[in-house]
Amino acid sequence: MQIDAVATAVGYPCQARRAGDGESVRWFGPAREPDRRALASWCSAVGPVELVWRPSRSYAPPDSVAELTIVTWNVHVGGGDLPGFLEAELGYDCDAGDGESLHTHFVLLAQEAYRASDGVPEPPEGAHVPGRIVEHPPTGARMDIVETAERCGLSLFYAPSMRNGLESGEHGREDRGSAILSTLPLSGPVAVELPLEAQRRVTVAATVPGPGGDSIRVTSVHFDVAGNLLRVLGTGGSMRVRQNDGLTETLDMLDPDRVIPIVVAGDMNTWSERETVILRMLRTYPDSPAPGREKTRGDWPPDHLFFRAGDGPFALVEGSYRVVQDNYGSDHKARLARFARR
Amino acid sequence: MTTCGVVPVLLDDLAQEESLLRYVSRDLSRHYARRRRVTVVMIILALGPSVGVPGVGLAQGAGGTDASTIAGAALGLYSGATLGGLASLIPCNQTLAGVRCVRGVAALGGGIGLASGIALGSEDQDAVWDAYRRAGFGLVAGSVAVLALKPFVDRWSWADVGAGAVIGSSIAAGGSGAWIGLVLGMGVGVGLWQVIPSFDLPEAISVGLAGMAIGGFTSWIIRAADAGSETAAADLPVLTFNLGVPW
């Protein structure tokens with residue numbers, strides 16, 4: 001394939017893009033060749049995407065979605081207790097059987113989700129392999145994103161951004177990246193490799209049936225922190241703006257007239273709620289809630305949610321956008337918002 | 001609308017997108033290579049004379065030469081642009097203009113430094129060589145500081161040691177006003193951070209960097225204005241001091 005020829009030529013075939021369910025995914029990436037070479041090196045060390053199109057559980061009414069809750073949460077590579085979070089914040093019992101009632105349908109946009117699998121390949125020599133992060137939730141065992149989706153009966157779209165360390169005696173092969181978990185079926189999966197700053201970051205997007213059945217696109221984003229001092233000086237601090245420009249252009253290619261309702265949320269790694277990238281995103285997604293000054297990681301406000309109603313019938317439920325006060329073992333607090341028909 | 005370097009390519013649509021990829025890549029490669037060359041030449045021009053600075057005294061009114069005028073211009077441009085860029089990083093990245101704002105302030109700082117450096121170099125070559133000597137010290141201090149921190153910061157590489165050298169030399173070339181401004185600014189910033197709940201840490205750092213730039217520009221302007229006068233001040237009068245080095 002011509003587009004992968006660049007990667008293959010430098011010894012880093014990025015097979016993970018098309019392996020497994022990757023064939024079903026539309027992949028986008030930056031056009032700049034240095035970006036592509038470096039991204040291929042990172043990609044060569046990760047496994048294929050995971051796609052579970054439909055939730056494995058059936059729910060009692062509400063059959064039609066009356067309201068949709070969208071959560072964004074950086075789950076810190078296994079540190080965040082996802083089942084505990086879902087039960088406490090959304091009233092969703094992962095261990096309940098079919099036919100249990102559901103308080104609300106939800107979409108959880110996760111960043112720093114991890115997967116432990118033998119399907120993660122041995123990295124080629126020289127491939128980018130960042131250090132391993134192994135976090136444990138406050139209660140229960142560490143559980144990867146695939147196992148979480150299975151246990152909770154949720155649909156899943158997971159695309160790894162990078163490997164999670166090298167395999168060693170007590171640790172198996174792992175990768176980590178962004179994911180979408182939902183009680184609703186997913187369609188139209190899209191993966192976007194963001195312009196490279198410090199680490200490869202893949203944004204995942206999919207469409208779910210929103211309140212009343214009309215579709216809404218949901219997107220889980222993880223922008224980068226500054227790579228280094230030189231990069232900050234050289235770019236004038238515009239690293240995340242560049243990544244957002246790439247993402248926005250991609251999403252505009254998918255929906256040039258901006259008619260499809262869309263939620264873009266995630267860990268933007270911003271140091272201020274007034275950072276340029278936030279101001280730009282507020283323009284791109286004019287129906288977003290105010291970013292708010294609440295800190296979601298230590299003394300910083302990196303996590304945000306943006307919304308554009310487009311021609312869809314949905315609106316943000318007033319006052320529903322909030323920070324979840326307990327971090328459930330992650331180093332980030334989640335943000336959530338509810339959406340309903342106008 | 002496309003943005004420099006971030007034009008997305010649908011990785012599935014091969015034949016059509018390949019031509020776009022090649023066009024954009026070639027164009028951007030040229031653009032980035034040119035920018036790197038200009039930056040390297042600027043730094044060499046600006047800092048080159050700090051290597052092997054003649055051991056001249058600090059006597060005032062030594063007169064200017066063509067060489068000292070060019071050297072003063074290069075150092076002033078470099079120092080002013082870097083100080084302006086650093087000071088504008090945080091405030092500009094809280095505006096929609098973002099990096100365009102940073103570039104504007106860096107250009108303004110470069111302009112002030114350039115004009116001051118020309119004025120200084122055309123009147124007083126000793127003062128120019130003294131500024132180069134300071135820049136040389138700053139270059140070493142900046143790289144040593146980053147080198148010391150490097151083991152504790154995962155992502156820093158040798159290039160960051162170079163970045164530390166650039167920052168250190170531009171602050172030092174800005175005269176004592178730059179670092180005094182940095183210290184005073186950081187003091188005020190941290191104080192406000194402690195007192196005002198809505199004043200965040202980035203703003204505190206921003207005040208420090210603004211103090212550094214204002215102090216540095218003031219030093220350049222004062223040195224330029226006083227160059228060639230009978231009672232020339234070497235720097236901000238209240239901040240001038242001499243360190244006796246016994247070896």
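Hi everyone, I'll talk about the core of chain A and then a helix pair in chain B.

A word on the source: this is a predicted model, where local features need pLDDT of at least 70, side-chain atom pairs count only at pLDDT 80 or more, and totals for chains, interfaces and linings use all residues. Residues are numbered from 1 along each chain as its sequence is written, chains are lettered from A in the order in which they are written, and side-chain values use heavy atoms, leaving out hydrogens and water.

Let's start with chain A. The largest nonpolar core has 29 residues; such a core is a set of buried Ala, Val, Leu, Ile, Met, Phe, Trp, Tyr and Cys residues joined through side-chain atoms within 4.5 Å, with buried meaning under 20% relative accessible area (1.4 Å probe, protein chains only). Strand 8 of chain A gives the largest share, four residues; strands here are DSSP runs of E, at least two residues, and helices are runs of H or I, at least four, numbered from the N terminus.

What does A:Val107 touch, not counting residues up to four places away in sequence? Its contacts (heavy atoms within 4.5 Å) include A:Ile70, A:Ile180 and A:Val208. A second, separate core has 28 residues, among them A:Tyr59 and A:Tyr92.

Now over to chain B. The axes of helix 2 (residues 66-92) and helix 4 (residues 125-149) of chain B come within 9 Å and cross at roughly 40°; axes are lines fitted to C-alpha atoms over the stretch in contact, with angles from 0 to 180 degrees between N-to-C directions.

How values were computed. Buried < 20%, exposed > 50% of the residue type's maximum accessible area, 1.4 Å probe, protein only.
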